[in-house]
Amino acid sequence: MKAIVNVSLKAGVLDSQGKAVHHALDSLHFEGVKDVRVGKQIILQLDESDKEKAMQDVTKMCEELLANTVIEDYDIELV
Amino acid sequence: MKVSIIQFPGTNCERDTEYAFQKLGAQTEIIWHKEETLPQDTDLLVVAGGFSYGDYLRSGAIAKFSPIMKAVVAYANKGGKVLGICNGFQVLTEARLLPGALKRNEGLHFISKHHTLKVQNSDNDFLRKLSNDDVVNIPIAHHDGNYYIDDAGLQELQSNGQILLTYCDAQGNESNPNGSVASIAGVCNKEKNVFGLMPHPERAMEAILGSDDGVKMLQGFLESC
């Protein structure tokens, strides 16, 4: 099984990289972009075949290492 | 006085830190991160600056799981004095020994220059040789120095006197180089035994190299041990 973890800054925490990308898109005349948030994606190949167990494990990984929950949110997709 | 200095792979300020504390008359020892115990006679533990584990994932995120960190956390929880400088500050926030987190600088640039700092709270073992509102000139060199804490956390820092230093101009007026909440450059924990700051006092030990204001800062520890 594969777990795709998306980590991004929490809503309300200023995302300077997102702001810079937004500004660059504006200067390229891509109009209609309301907001840009930049995050990172971490892809894990897992041995586990039980979805529930995999979700538990990856949640623990996010809480302990993959995200800093003081400033970041994460979401997990199992495929 | 004995100062133990933690070195992770990628740490690069451990020699400067040794030099600074030796100049003040302290004994020093560099401790490799694979060690599991600290020297028993440690009076001050310094987590030195640099780029532990190449800053991969987040600055300080991987270092917090190094073998030595269990001993660092135990030492801090026992009331031992701990100082984290730059990457060391990032490691201590990741390890939750200090509140808040360090984000990418607001302007996205790596900033390397001298910056003036204002002393906010000198009533602690670190800044005891200085007075509130003193201005010191100390180098900063970081990419992820943008201190973040939520509103409730900031109020707690303020009411407990945990804000050590803020960025200012030469006259002491607030001047923020990296977007830090409340221009914060350094904080301590509630118990006032764990200290962290982004600027490098160990690089300000010789007037001929631009500033020796680091002497007054680090000396506080020598008098408290």
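## Chain A: helices and loops

Helix 1 of chain A, residues 16-27, contains twelve residues and spans 17 Å from its first C-alpha to its last, close to the 16 Å expected at 1.5 Å a residue. The model is a predicted one. After helix 1 of chain A comes H29(A), which has a positive phi near 65°.

A67(A) sits in the loop that connects helix 2 (51-66) with strand 3 (72-78) of chain A. This residue, A67(A), counts as buried because 25 C-beta neighbours lie inside 10 Å, and the cut-off for burial is 20 or more. Leaving aside residues up to four places away in sequence, A67(A) touches V7(A), C62(A), E72(A) and Y74(A). Between A67(A) and H29(A) there are 38 residues along the chain, and their C-alpha atoms are separated by 34 Å.

## Chain A as a whole

Chain A has two helices and three strands, arranged along the sequence in the pattern β-α-β-α-β. Its C-alpha atoms fill a box of roughly 45 × 25 × 15 Å along the principal axes.

The radius of gyration of chain A is 16 Å, whereas a compact globule of 79 residues would have a value near 12 Å. Buried residues account for 14% of the 79 residues of chain A. Of the contacts in chain A between residues at least 6 apart in sequence, 67% join residues at least 24 apart.

## Chain B as a whole

Chain B holds five helices and eleven strands. It is as compact as a globular protein of its length, because its radius of gyration of 16 Å is close to the 17 Å that the globule rule gives for 225 residues. The box filled by the C-alpha atoms of chain B, taken along the principal axes, is roughly 45 × 35 × 35 Å.

In chain B, 51% of the 225 residues are buried. Contacts between residues at least 6 apart in the sequence of chain B join residues at least 24 apart in 75% of cases.

Strand 1 (residues 2-7) and strand 2 (residues 27-32) of chain B run parallel and are joined by six bridges. One of the bridge pairs links Q7(B) with W32(B) in strand 2 of chain B.

## Strand 11 of chain B and its partners

Strand 11 of chain B (residues 194-197) pairs with strand 4 (residues 81-85) of chain B in the parallel sense, over four bridges. In strand 11 of chain B, F195(B) is the residue opposite L83(B). Strand 10 (residues 184-188) of chain B pairs with strand 11 of chain B in the antiparallel sense, over three bridges, and here V187(B) stands opposite G196(B). The hairpin of strands 10 and 11 of chain B has five residues between the strands, and K192(B) takes a positive phi near 60° in it.

In a regular strand, side chains alternate between the two faces of the sheet. Both faces of strand 11 of chain B are covered: V194(B) and G196(B) are buried on one side, and F195(B) and L197(B) are buried on the other.

## Selected residues of chain B

Two residues other than glycine have a positive phi in loops of chain B. D55(B), with a phi of about 60°, is found between strand 3 (44-47) and helix 2 (68-77) of chain B. R96(B), with a phi near 65°, lies between helix 3 (87-94) and strand 5 (101-103) of chain B. D55(B) has 18 other C-beta atoms within 10 Å and is therefore partly exposed. R96(B) is also partly exposed, with 13 C-beta neighbours inside 10 Å.

K113(B) belongs to strand 6 (residues 111-119) of chain B. With 9 other C-beta atoms within 10 Å, K113(B) is exposed. K113(B) and I140(B) are 27 residues apart in sequence, while their C-alpha atoms are 5.6 Å apart in space.

## Contacts between the chains

Eleven residues of chain B are in contact with eight residues of chain A. On the side of chain B that touches chain A, four residues are nonpolar, two are polar and five are charged.

Terms used:
Residues numbered from 1 in each chain as written. Chains lettered and ligands numbered in written order. Predicted model: local features only at pLDDT ≥ 70, side-chain atom pairs only at ≥ 80, totals over all residues. Pairing = 2+ DSSP bridges. Contact = placed C-beta atoms within 7 Å. Nonpolar A, V, L, I, M, F, W, Y, C, P; charged D, E, K, R; others polar. Rg over C-alpha atoms; globule rule 2.2 N^0.38 Å. Buried ≥ 20, exposed ≤ 12 C-beta atoms within 10 Å, placed from the backbone. Expected span 1.5 Å × (residues − 1).
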